[in-house]
Amino acid sequence: MNETLKGPVELVTIRLPVWWTFGGLIAGLTLGLILANSSLIDPLLALARPVGTLWLRALQMTIIPLVAALLVLGISQMAQAAKAGKVARTMLALMLGMLVLSGLVSALFMPALLAAFPIPDAASSMLVADNVEAQAVPEVGDFITSLIAPNLIAAAAETAMLPLTLFFAIFAVAISRLPSGQRETLVGFFHALANAMLTIIGWVLWLAPIGVFALALGVAARSGGGAFAALAHYILSVSAMGAIVLLAAYLLAALGARKSPLRFAREMLPSQAVAISTQSSLASLPAMLASAKRLSVSDTTADFVLPLAVAIFRVTSPAMNMAVAIYVATLAGVELTPALLAAGIAVALIISVGSVSLPGSISFVVSIGPIALAMGVPIEPLAILVAVEMLPDIMRTLANVTMNVAVTATVDHAQEN
């Protein structure tokens, strides 16, 4: 290894009212169900709608600057890692391949899953807007030319996320090529910008119990008890994509690391238990290191690859974030053309680099919002779905932790040959 890596960029720590938000969802759905046919529901909704709309807009307003800042920081870390030697480059190539595979998983399997198990009719109530405009399906030529925005300000105003995401990814690579003083100045600026935006979105999410309650009230008033079934269908559908990625981790360990599937499964159980209980890859790092040691992975490889994987690699992000966008697209009647799916995968891959160290609720908004916007999918339902993210997040963490160890074992096996 040619260079000593610095630790990952530290972002502000934000504690979120996850259980209170979930409680706000249940309370809003229950109250809306009880009052649905009463004379009280109309005046109550007249008060709740503007509250929910304001909270939703506050959630949206930080997306573009936060995504820009996180992309610069995330890609800077990847560029730094690539200079660390052959092990790092092998690891990054393998991670990139797994992220591409993760995005393809949802593009291929999520539409098929929803065709086999259709979204319940009651789920249409999750569209906060009464009328969702049909999205124009771009021609191939229009899609290609849209990748480059001639005016970034106009692209930001139109929330054209694909050209914006590509620009900031290229910009981040350019920063990594600057002299150290200039690079540190710009990285420091985006570090501060990310922390400022995270502070604002943290304040907004502290109001999530109120905002989600207001939005859930309208959802239940329109759909009745079917809203609960619709949310259960959503959780299971999105988690299924994470389960496919989890199975891919076992396959990688068997084919790439030449580890017995039964042995790998047995040695991963302690790490997976920590992952399920904490829903944090970082908190699972000590257990992952122990699992890697029991799998006969060299300490040198494990001590280098696993901390870096926790910092810059979240394999379930493309699969499960794309799954959410595809679910909402199907809900809204957006035609999922190959071009739109390609746009979603491209944004999902790039965004996954910048959101790996964020809490689940913030990562949900920051990661899926740009994907949905790039695919022409309404983002209003995300304000409701964020309240149940704690449940799919269990599968996210479980698959991430398992894949991190599988990648580490595979890199170690490659070093031996």
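The model is a predicted one, in which local features need pLDDT of at least 70, side-chain atom pairs count only at pLDDT 80 or more, and totals for chains, interfaces and linings use all residues. Residues are numbered from 1 along each chain as its sequence is written, and side-chain values use heavy atoms, with hydrogens and water left out.

I begin with Arg 396. This residue lies in helix α18, residues 392-416; helices here are DSSP runs of H or I with at least four residues, numbered from the N terminus. Is Arg 396 buried or exposed? Arg 396 counts as buried because its relative accessibility is 3%, where buried means under 20% relative accessible area, exposed means over 50%, and partly exposed lies in between, with a 1.4 Å probe and protein chains only.

What does the side chain of Arg 396 meet? With Glu 389 it forms a salt bridge of 2.8 Å, N to O; the term requires a side-chain nitrogen of Lys or Arg within 4 Å of a carboxyl oxygen of Asp or Glu. Glu 389 is also buried, at 3% relative accessibility. A polar contact of 2.9 Å joins the side chains of Arg 396 and Asn 321. By polar contact I mean a pair of N or O atoms within 3.5 Å; within protein, one must be able to donate a hydrogen and the other to accept it, and residues adjacent in sequence count only if both atoms are side-chain atoms. Beyond four places in sequence, the residues in contact with Arg 396 include Arg 314, Met 320 and Ile 368, contact being heavy atoms within 4.5 Å.

Arg 314 has a salt bridge with Asp 393, at 3.5 Å, N to O. Asp 393 lies in helix α18 and Arg 314 in the loop between α13 (299-312) and α14 (316-332), so this pair ties together parts that are 79 residues apart in sequence. Both Asp 393 and Arg 314 are buried.

How many salt bridges does the count come to? The count comes to four. Arg 266, Glu 267 and Arg 294 are linked in a network of them, in which the side chains of Glu 267 and Arg 266 meet at 3.8 Å, N to O. Glu 267 counts as buried, at 13% relative accessibility.

I turn now to the nonpolar residues. A nonpolar core is a set of buried Ala, Val, Leu, Ile, Met, Phe, Trp, Tyr and Cys residues joined through side-chain atoms within 4.5 Å. The largest such core has 134 residues, and Trp 55 and Val 407 touch the most other members. Among the residues that Trp 55 touches beyond four places in sequence are Val 204, Leu 215, Ala 383 and Val 386. A second, separate core has six residues, including Leu 35 and Ala 214.

Leu 246, in helix α10 (residues 226-255), is buried at 12% relative accessibility. Leu 246 and Asn 400 are 154 residues apart in sequence, yet 7.7 Å apart in space, C-alpha to C-alpha. Leu 246 also touches Gln 272, Met 395 and Thr 402, among others.

Finally, Phe 109 is placed in helix α4, residues 86-116, and counts as partly exposed because its relative accessibility is 44%.

Technical notes
Helix = DSSP H or I, 4+ residues; strand = E, 2+ residues; numbered from the N terminus.
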